[in-house]
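Open the model in your viewer and keep the selection tool at hand. Each stop below says what to select and what is there.

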Amino acid sequence: MKQLVFTIRSNEPLNDQNHLLKVAPSDNTPLPLMLPGQFVQILVENAPHTFLRRPISINNHDPEKNEIWLLVQVVGEGTRKICEMKCGDQLNMLLPLGNSFTIPSAPGHFLLVGGGVGTAPMHFLGKILKENGFTCDFLLGGASEMNILQRSEFEQIGTLYCTTEDGSLGEKGFVTHHSLLQNKVYDFIYSCGPKPMMVAVARYAKERGIGCEVSLENLMACGFGACLCCVEKTTRGNVCACTEGPVFDINELRWLD
Ligand SMILES: Cc1cc2nc3c(=O)[nH]c(=O)nc-3n(C[C@H](O)[C@H](O)[C@H](O)COP(=O)(O)OP(=O)(O)OC[C@H]3O[C@@H](n4cnc5c(N)ncnc54)[C@H](O)[C@@H]3O)c2cc1C
Ligand code: FES
């Protein structure tokens with residue numbers, strides 16, 4: 001884990017709630033190795049109520065540009081301050097934190113399911129799977145078309161399927177209702193998004209004996225195992241989601257007990 005100061009190279013609003021920030025170390029220090037599923041902890045400066053850093057997934061690591069991408073949804077003061085930052089502003093971050101998704105050891109059919117801003121780590125994972133010679137399908141869900149983010153980026157690395165609750169893009173309904181799940185057999189499923197969505201994905205996978213990993217977004221304060229505010233019940237007992245996760249095999253979680 002390193003603490004580095006980054007300079008914002010671009011801050012692009014993707015809709016009225018979500019921004020894509022591209023950032024690089026201010027002193028050009030080469031970025032450490034980063035794995036899909038890992039996250040950063042951002043210090044939000046000049047905000048009286050955001051003493052704790054905010055955890056944000058690594059959306060992409062571009063080693064050639066020595067740059068990382070962060071997809072941020074405004075939900076409160078911390079994320080609002082981050083999204084208001086301008087090109088050239090500086091951001092203090094701890095990284096990389098947490099474990100990572102498992103990269104398969106054999107060819108197969110892989111499905112990456114994301115909901116809302118939970119699609120952020122699915123993009124980095126899909127890119128790494130492609131670089132390792134695997135092809136994957138993405139199944140992304142949101143309330144409406146404007147909530148399905150980075151579509152062209154996903155289409156460059158795999159086949160994209162969508163669901164929206166209002167039917168404005170893809171099939172109408174939730175991701176777990178998509179016809180793909182009835183028509184195609186997968187060897188492994190990865191997922192990140194709202195907990196009810198991940199529980200439904202985990203249930204689908206478990207009922208069919210498909211391996212599945214999910215990335216949790218438990219409340220986190222320190223991000224490195226010191227405060228115990230992110231504890232998750234598992235078959236190994238209570239563990240910190242920030243260090244033992246955020247990625248868990250669904251068979252380790254007590255969600256479906
Ligand atoms: C491992 C991990 C990866 C994440 N990746 C992303 C990402 O890529 N993009 C993104 O937009 N968001 C991501 N989040 C969620 C993001 O951290 C929270 O939305 C953010 O911390 C809220 O801060 P705030 O000051 O804007 O809101 P607050 O005013 O603090 O709270 C607003 C809402 O956000 C929830 N929240 C507050 N703090 C946290 C926290 N530390 N962790 C989780 N939820 C919190 C609260 O329960 C509340 O519902 C991730 C969370 C985790 C744990
Ligand atoms: S966030 Fe502090 S222990 Fe996990």
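**Stop 1: around the ligand**

Select ligand 1. There are 21 residues around ligand 1, and Ser 57, Gly 76, Gly 78, Thr 79 and Ala 120 come nearest. A residue is near a molecule if its C-beta atom, placed from the backbone, lies within 6 Å of it.

This is a predicted model: local features need pLDDT of at least 70, side-chain atom pairs count only at pLDDT 80 or more, and totals for chains, interfaces and linings use all residues. Residues are numbered from 1 along each chain as its sequence is written, while chains are lettered from A and ligands numbered from 1 in the order in which they are written.

Now colour the shell by element. Strand S4 (54–57), S6 and helix H1 (77–83) each supply at least two of its residues. S4 gives the most, with four residues. Helices (H or I, at least four residues) and strands (E, at least two) are DSSP runs, numbered from the N terminus.

By class, the shell around ligand 1 has 11 nonpolar, seven polar and three charged residues. Here Ala, Val, Leu, Ile, Met, Phe, Trp, Tyr, Cys and Pro count as nonpolar, Asp, Glu, Lys and Arg as charged, and the others, Gly among them, as polar.

**Stop 2: two domains**

Select 2–97 as domain 1 and 110–215 as domain 2. These bounds come from an automatic or database domain assignment. The domain centres, taken over C-alpha atoms, are separated by 24 Å. The contact takes 12 residues from domain 1 and 11 residues from domain 2. Two residues are in contact if their C-beta atoms, placed from the backbone, lie within 7 Å.

On the domain 1 side, strand S5 (60–62) and strand S6 (67–73) each supply at least two residues. By class, that side has four nonpolar, eight polar and no charged residues.

**Stop 3: helix H5**

Select residues 195–208, which form H5. Which residues of H5 are buried? They are Met 197, Met 198, Val 201, Ala 202 and Ala 205. They cover an arc of only 135° around the axis, which puts them on the same side of H5. The arc is that of the directions from the helix axis to the C-beta atoms. On the other side, Pro 196 and Glu 207 are exposed. Buried means 20 or more other C-beta atoms within 10 Å of the residue's own, exposed means 12 or fewer, and partly exposed lies in between; C-beta atoms are placed from the backbone.

Show what covers the buried residues of H5: it includes strands S8 (110–115), S9 (136–142), S12 (188–192) and S13 (211–215).

Methods: Expected span 1.5 Å × (residues − 1).
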